Amino acid sequence: MLTGKNILLGISGGIAAYKTPHLVRLLKKAGANVRVLATESALKFVSELSLSTVSQMPVLDDIFTADADGERTMHISLGEWADALVVAPATANTLARFSSGLCDNMLSLSFVTLRPGKPVLLVPAMDGYMYDSPSVQRNLSVLKAQGCRVLEPESGPLASGQCGLGRMPEPETIFEALSSIFAARESAALEGRTVVVTAGPTREKIDGVRFLSNYSSGKMGFAIAAAAARRGATVRLVSGPVTLPTPPGVERIDVESAAEMLEAARPLFDGCDLFIGAAAVADYRPEAPVEGKIKKNEAAMVIRLVRNPDILAEFSTGRKPGQLAVGFALETAGGLEYARKKLTDKQLDLVAFNIYDGSRSGFEVDTNVLTLLGRDGSITELPLLSKEEAAGRLLDAIEKLPPR
Ligand code: C5P
């Protein structure tokens, strides 16, 4: 759930701060990118060196830290970068800063610059009397009303020597709470939508036993279908010949040639909200496939090929308002310009430009490097990701497209 997610971890000054390097480790192990924002008092409880070592990034506490380009706007870029903000432990002071919108340290500043809709998980930890105080409770209810989630403190021995409410839940519990926030967001995002995905190669018959095809494994398209189903969509997957299992909750139609793929997809056009062409459809097919097997009587032979119909273009050019069309552009070199041309020629909402390098990106392998080009001119360069993760990021980008 957290692979590739950008997590801002805010740490404020409570004794439980000493447990936070373990939380950073859990997040990193799950594949998240973590930036730690520690308040001055947090660094009295946990060392900056431990946190920067486990997060593999400098700890940020100074408002005037420059970003990678030397611009003094780190507080803004962090708010844009983050997929979520977790604050553990969140002290009474930090809750007060957040609820009143103060921006007097990097943590409170980043809370204010966090993009709307990004989840905030607050993990208050303090003495039980402080926690129950009307001021803390008022600040918490203000923050909850703003949409922040609160992971309630646990009961047990406190630093004061007393026993009671106020302990920070263990890092594992915080990790689980954050994961389930992402899971819930994922599961609801495409509720009520119908998504049609084409995947895999097509086979174009030469004769009764031979065909033209390509190396597509269908992994990317199947990962997209699986991710869309996890987000609550009704998913119809039109697949060329592949050896993959059908993802849970996905309705699958198997086809062989481009013509069959079009025939299977066409009746689905009308009822779909989003069409994603991830299939590597053969551009050409033998004009006159031969019945039975061609004999090797000739020294050379010519097979005349004719153009196949373009399934995605047929959908996108004939679609109703509100329907979205997304395609892939696989190129062996350069090619961003080709991808851009495909976006306009096929009138798409988004193109996933996919470099084929034969080892980490493109056909057959389990990983991919995608650049997403939106019809709004947006360009998102994704890093090397598993196809599952790339599928999630593609859906994230589609969900952000303005309606048409
Ligand atoms: O082959 P091309 O590079 O034009 O493919 C770009 C996009 O169009 C891909 O998303 C592919 O699935 C789709 N396509 C299609 N039917 C074709 C050719 C391509 O749906 N005949």
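Me: Which strands does helix H4 (residues 74-81) lie across, and at what angle to S2 does it run?

Reply: H4 lies across strand S1 (6-11) and S2, and runs at about 135 degrees to S2. Helices (H or I, at least four residues) and strands (E, at least two) are DSSP runs, numbered from the N terminus. The angles, from 0 to 180 degrees, are between N-to-C directions of lines fitted to C-alpha atoms, for helices over the stretch in contact, with contact meaning heavy atoms within 4.5 Å. Helix H5 (residues 92-100) packs on the sheet too, touching S3 and S4, and its direction makes about 140 degrees with that of S3.

Before we go on: this is a predicted model, where local features need pLDDT of at least 70 and side-chain atom pairs count only at pLDDT 80 or more, while totals for chains, interfaces and linings use all residues. Residues are numbered from 1 along each chain as its sequence is written, and side-chain values use heavy atoms, leaving out hydrogens and water.

Me: In what order do the five strands of that open sheet come?

Reply: Strands of a sheet pair through backbone hydrogen bonds, either parallel or antiparallel. Here the order is S2-S1-S3-S4-S5, with parallel pairing (two strands pair if DSSP finds at least two bridges between them). Strand S2 (33-38) and strand S5 (149-150) each have a single partner strand, so one side of each lacks a neighbour in the sheet. Further in, four bridges join S3 (residues 84-90) to S4 (residues 120-124), and leucine 85 has valine 120 in S4 as its bridge partner.

Me: Which residues touch the most other members of the largest nonpolar core?

Reply: In soluble globular proteins, nonpolar side chains tend to be buried together. Here Ile224, Ile276, Phe328, Leu394 and Ile398 touch the most other members of a 36-residue core (buried Ala, Val, Leu, Ile, Met, Phe, Trp, Tyr and Cys joined through side-chain atoms within 4.5 Å). Helix H10 gives the largest share, eight residues.

Note on methods
Buried < 20%, exposed > 50% of the residue type's maximum accessible area, 1.4 Å probe, protein only.
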